[in-house]
Amino acid sequence: IKSNSWGYCLLKRRNQHQAKCAIEGEPQRQNASPDTCIGCMNNYMEDGHVKGIMFALENHVQSLKNALTPSVFKEKARFTVTNAVKVLKAMDKNSSSSNNIKYINYLQSALAANKAS
């Protein structure tokens with residue numbers, strides 16, 4: 001188990017080769033980042049990780065909102081923010097709550113601003 005501010009890496013023996021950080025089937029957890037881990041089947045997030053996720057994604061959000069940021073830099077930001085929205089929605093659905101709706105709306109506004117530019 002490896003702890004990060006955006007979740008726990010619970011690397012399972014049977015699917016190590018499917019980890020998003022894997023290179024040639026070997027997990028590279030020393031390279032952990034929200035870009036890699038959010039959406040990975042080995043990443044487990046709890047409510048306490050949401051603020052860490054939002055802090056880690058702020059640069060992505062700002063680049064999506066900035067019309068002058070080159071699209072090549074926005075590509076990874078779009079992917080990561082989209083994954084974060086999916087995970088936050090799943091967390092709310094699994095707990096039958098709407099605790100993360102303000103964060104979801106904030107991230108979706110960045111995605112919408114990116115589409116508009």
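How many bridges join strand 1 to strand 2? Three bridges join them, and the two strands run antiparallel. This is a predicted model, in which local features need pLDDT of at least 70, side-chain atom pairs count only at pLDDT 80 or more, and totals for chains, interfaces and linings use all residues. Residues are numbered from 1 along each chain as its sequence is written, and side-chain values use heavy atoms, with hydrogens and water left out. Helices (H or I, at least four residues) and strands (E, at least two) are DSSP runs, numbered from the N terminus.

- Three strands form an open sheet in the order 1-2-3, with antiparallel pairing.
- Strand 1 (2–4) and strand 3 are the edge strands; each has a single partner strand, so one side of each lacks a neighbour in the sheet.
- Two strands count as paired if DSSP finds at least two bridges between them.
- Strands of a sheet pair through backbone hydrogen bonds, either parallel or antiparallel.
- Strand 2 covers residues 7–9.
- Lys2 stands opposite Cys9 in strand 2.

- Asn43 lies in strand 3, which spans residues 43–44.
- Asn43 counts as buried because its relative accessibility is 17%; buried means under 20% relative accessible area, exposed over 50%, and partly exposed in between (1.4 Å probe, protein chains only).
- Asn43 and Cys9 are 34 residues apart in sequence, yet 4.7 Å apart in space, C-alpha to C-alpha.
- Leaving aside neighbours within four places in sequence, Asn43 is in contact (heavy atoms within 4.5 Å) with Trp6, Gly7, Tyr8, Cys37 and Ile38.
- Asn42 sits in the loop between helix 1 (34–37) and strand 3.
- Asn42 is at 1% relative accessibility, so Asn42 counts as buried.
- Leaving aside neighbours within four places in sequence, Asn42 is in contact with residues including Tyr8, Cys9, Leu10 and Leu11. Lys12, Asn15 and Ala19 are also among them.
- Asn42 and Gln16 are 26 residues apart in sequence and 8.5 Å apart in space, C-alpha to C-alpha.

**Cysteines**

- A search of the whole structure finds zero disulfides; a disulfide is a pair of cysteine sulfur atoms within 2.5 Å.
- Cys21 is in no disulfide; its nearest cysteine sulfur belongs to Cys9, 6.0 Å away.
- Cys21 has a relative accessible area of 15%, so Cys21 is buried.
- Cys37 is in no disulfide either; its nearest cysteine sulfur, again that of Cys9, is 6.3 Å away.
- Cys37 is buried because its relative accessible area is 11%.

**Helix packing**

- Two packed helices are described by the angle between their axes and the distance between the axes.
- Helix 2 (residues 50–65) and helix 3 (residues 71–95) pack at an angle of about 145°, with axes 9 Å apart. Axes are lines fitted to C-alpha atoms, for helices over the stretch in contact, and angles run from 0 to 180 degrees between N-to-C directions.
- The crossing of helix 2 and helix 3 is left-handed, that is, the near helix is turned anticlockwise from the far one by less than a right angle; clockwise would be right-handed.
- Helix 2 makes the contact through Val50, Ile53, Leu57, His60, Ser63 and Leu64. Helix 3 makes it through Lys74, Ala77, Arg78, Thr80, Val81, Ala84, Leu88 and Met91.
- By class, this contact has nine nonpolar, three polar and two charged residues. Ala, Val, Leu, Ile, Met, Phe, Trp, Tyr, Cys and Pro count as nonpolar, Asp, Glu, Lys and Arg as charged, and the others, Gly among them, as polar.

- Asn114 is placed in helix 4 (residues 101–116).
- Asn114 counts as buried because its relative accessibility is 10%.
- Leaving aside neighbours within four places in sequence, Asn114 is in contact with Leu64, Lys74 and Arg78. Leu64 of helix 2 and Lys74 and Arg78 of helix 3 also take part in the contact between those two helices.
- Glu58 is in helix 2 and counts as partly exposed, at 28% relative accessibility.
- Glu58 and Glu26 are 32 residues apart in sequence and 30 Å apart in space, C-alpha to C-alpha.

**Positive phi**

- Most residues other than glycine have a negative phi.
- Glu24 has a positive phi, near 55°. Glu24 is in the loop between strand 2 and helix 1 and is exposed, with a relative accessible area of 82%.
- Ser96 also has a positive phi, near 55°. Ser96 is in the loop between helix 3 and helix 4 and is exposed, with a relative accessible area of 71%.
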